[in-house]
Amino acid sequence: MKKLIQLNVNGDTREVIVEDHYTLLQVLRTEMGLTGTKRGCDHGACGACTVLVEGKAMLSCCLLAVEMPGRKIETIEGLTGGGQLHPLQRSFIDNGAIQCGFCTPGMILTAKALLDENPKATEEEIKRSLGGNYCRCTGYNQIIDAVKKAAAAM
Ligand code: FES
Ligand code: FES
């Protein structure tokens with residue numbers, strides 16, 4: 001059965017019509033046009049769909065949209081404040097941590113959640129944090145490097 005819900009995404013409250021089984025990923029991409037959040041495996045294994053919910057990195061393919069009203073959701077589109085790239089975005093570009101870019105939004109949001117909580121994260125902590133985010137292109141070294149350099153710059 002369809003129902004109208006309100007979602008707080010990137011600081012804006014928007015109304016969307018959803019069915020009980022719609023995932024947050026599905027609603028972000030198809031109902032709200034926020035296609036920066038990627039659909040990879042669609043079952044919690046790749047990290048491509050990572051968003052922040054109340055500041056924590058979560059897999060939007062494993063969350064039901066009907067459970068999200070009242071919770072603050074942030075997607076990659078919300079990171080660019082006032083036309084400025086977030087330091088993590090800048091660092092990913094500067095350090096060659098993006099190739100096809102499919103994993104990048106999830107990587108950056110996972111790293112943001114980590115650095116917001118632990119600005120002095122060690123390399124081991126960065127690796128552990130990004131352990132659920134798969135990248136098929138870069139070999140990971142540039143990504144770890146980009147997060148370390150962003151942490152230093154922040
Ligand atoms: S699409 Fe959600 S974890 Fe892969
Ligand atoms: S840059 Fe292609 S999957 Fe990571």
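A salt bridge is a side-chain nitrogen of Lys or Arg within 4 Å of a carboxyl oxygen of Asp or Glu. The views below look at such pairs in a predicted model, where a search of the whole structure finds nine salt bridges.

**View 1. Lys 3 and Asp 20 form a salt bridge.** Look for the closest N and O atoms of this pair, which are 3.0 Å apart. Lys 3 belongs to strand 1 (residues 2-9), while Asp 20 sits in the loop between strand 2 (12-19) and helix 1 (24-31), so the pair ties together parts that are 17 residues apart in sequence. Lys 3 is partly exposed, with 33% relative accessibility, and Asp 20 is partly exposed too, at 38%.

View 2. Is Lys 112 buried or exposed? Lys 112 counts as buried, because its relative accessibility is 12% and buried means under 20%. Asp 116, at 46%, is partly exposed.

**View 3. Asp 145 and Lys 149 pair up within helix 5.** Their side chains meet in a salt bridge of 3.1 Å, N to O. Both residues lie in helix 5 (residues 141-153), four residues apart, or about one turn of the helix. Asp 145 has a relative accessible area of 27% and is partly exposed; Lys 149 is partly exposed as well, at 43%.

**View 4. Glu 74, Lys 112 and Asp 116 belong to one network.** Salt bridges that share partners join these three residues.

Note on methods
Residues numbered from 1 in each chain as written. Chains lettered and ligands numbered in written order. Predicted model: local features only at pLDDT ≥ 70, side-chain atom pairs only at ≥ 80, totals over all residues. Heavy atoms only, no water. Helix = DSSP H or I, 4+ residues; strand = E, 2+ residues; numbered from the N terminus. Buried < 20%, exposed > 50% of the residue type's maximum accessible area, 1.4 Å probe, protein only.
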